[in-house]
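Me: I would like a close look at a single part of this model. Please treat it in one connected account.

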Amino acid sequence: MYVSLMPIAHLAWATFFRWRGMTWLPRLAYAYRAPMLFAGEGVRRGLFSGTVGGADEQVLAADYDGRGDRNADGTDMIYMAGHGRLRSGEFELLLHSDEWRPASSGLDAGGPKIAIFDACDLVDLQDPRWSDPWRAQIRPNLRMLLGFNSLATVKKGAALRGEEFASRLSRGEPVAGAWIGAVKQHDAHGRERPVAIGFGSSVADADRLLENATFADVLAMPPLESDVVVRERV
Amino acid sequence: MDELEIGQVEEWTHERVSSRSAPPAYELTGSRSQLREMGRVGPAADVLRESGLEVLEFDERSGAASFTIPGESSRMFAEYGGYGDRLLWICEEIDAREYYWTEPSEGESSVSAIRSGLREDDLPVIGPGGGVLLTSGADRFYCDLTIRSRFEPRFPEGWRQPLFDPRVWALEEIDVRVFGSLGYFEASGREVQELLRPVFMFVIEHEADLERESDVGWRRLIVEPATELADLPPTAGIEQWYEPEGELR
């Protein structure tokens, strides 16, 4: 039996949509690029090995939220791309024909340490209760969420943020800053607002995570037990 | 970027082009021999090393360089007067432009940036490149410099009318915001770019309406060449950013 000692990154994306039977949602023709460029660069640099959860109609919320499989379990990080939106303050990732609410299910005890949602509106930091859905239940493994506190541009050139992020991780930059820098470095118009969210056992713990923790540091962190503190960095 | 009414784009474009002649494009170079011919010290990595900075990576194809500067992340980089001035000097050595520190946007605290503009053509450099991005770490700033040296100018045949019509790109949505800018487009450090050319850049945004159960927010970015250049396709210099209308519909 082959056992990988490398961290595992799990990828999935949606480029076109039949969500709730609607075919008019804007296509994200290049949504595959950011996760794939991330994986290509990360694997090339020996940072992790990658698994692909699928594309478009292959990617089902049931395979993440526990109704069917739990695809995020057993991985160290996930990188998913599609449409994103907030509903009642909770983030939904819209897949080809489905929606997944990762704050409610699927990033649980067996899940990844880092989750990247390359999609619009992971949070709205202007909402004073933005962290409530993420605080509502303990996810022992999850230490960092990366995404956008704004709409997100999905474009051939903008997708290079995926490659940039892996490159920055491999040269030892702290994860939160690496994500923010990678997005801003491929922001053509200055309107992207990347965000990093840290989960810690205290304010100091979460702040240290957002300030200092490298990829290896985050993967080595012990599971959280209780009283999870949620902090953000922009 | 200027915020526009959806029906104003044509008028806005006309105002931009009617009062001036079409500006040139510039061939770009990163080659040491051409740079020396131009009297420059060398590519960004050489200039940075000669300034005593630790270069982490240098991309031979784009000339982009990543380096670090020690510092406390609790303070904005521009407060470090010595390094701030030195960085502006380094940028000027790589390509003679007007460089300036930008104010962080509201809600951003991790990044600082130097941006640029071309004095002789009175246009800003827009796009992901054309400056230095500094991301604060615990005890240092991670810096990414993406400034390409200009070589020969290429004079255009004239302005090119943008094909962009926001009423088409906005799909069925009425509730959209449109932003426009005109400037030289410099690509990111991960892209090979051989031509710095003037472009029109438009952004269309639709914020999801929380009252509409099936509404979804989106942003579209349209980059179009602003001038006609003989023997060059409209994609030249903006390969990763120019997508003819219809490609994404």
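Which domains does the domain assignment give for chain B?

Reply: The assignment, whose bounds come from an automatic or database source, gives chain B domain 1 (2-26 + 153-228) and domain 2 (29-151). This is a predicted model, in which local features need pLDDT of at least 70, side-chain atom pairs count only at pLDDT 80 or more, and totals for chains, interfaces and linings use all residues. Residues are numbered from 1 along each chain as its sequence is written, while chains are lettered from A and ligands numbered from 1 in the order in which they are written.

Where the two domains of chain B meet, 17 residues of domain 1 are in contact (C-beta atoms, placed from the backbone, within 7 Å) with 19 residues of domain 2. On the domain 1 side, the elements giving two or more residues are strands E12 (177-185) and E13 of chain B; strands are DSSP runs of E of at least two residues, numbered from the N terminus. E12(B) supplies the largest share of that side, five residues. By class, the domain 1 side holds 10 nonpolar, five polar and two charged residues. Here Ala, Val, Leu, Ile, Met, Phe, Trp, Tyr, Cys and Pro count as nonpolar, Asp, Glu, Lys and Arg as charged, and the others, Gly among them, as polar.

Chain B also touches chain A, through 39 residues of chain B and 42 residues of chain A. On the chain B side, two or more residues come from each of strands E3 (54-58), E8 (131-136), E9 (140-146), E13 (195-206) and E14 (218-225). That side divides into 17 nonpolar, 13 polar and nine charged residues.

How values were computed: Helix = DSSP H or I, 4+ residues; strand = E, 2+ residues; numbered from the N terminus.
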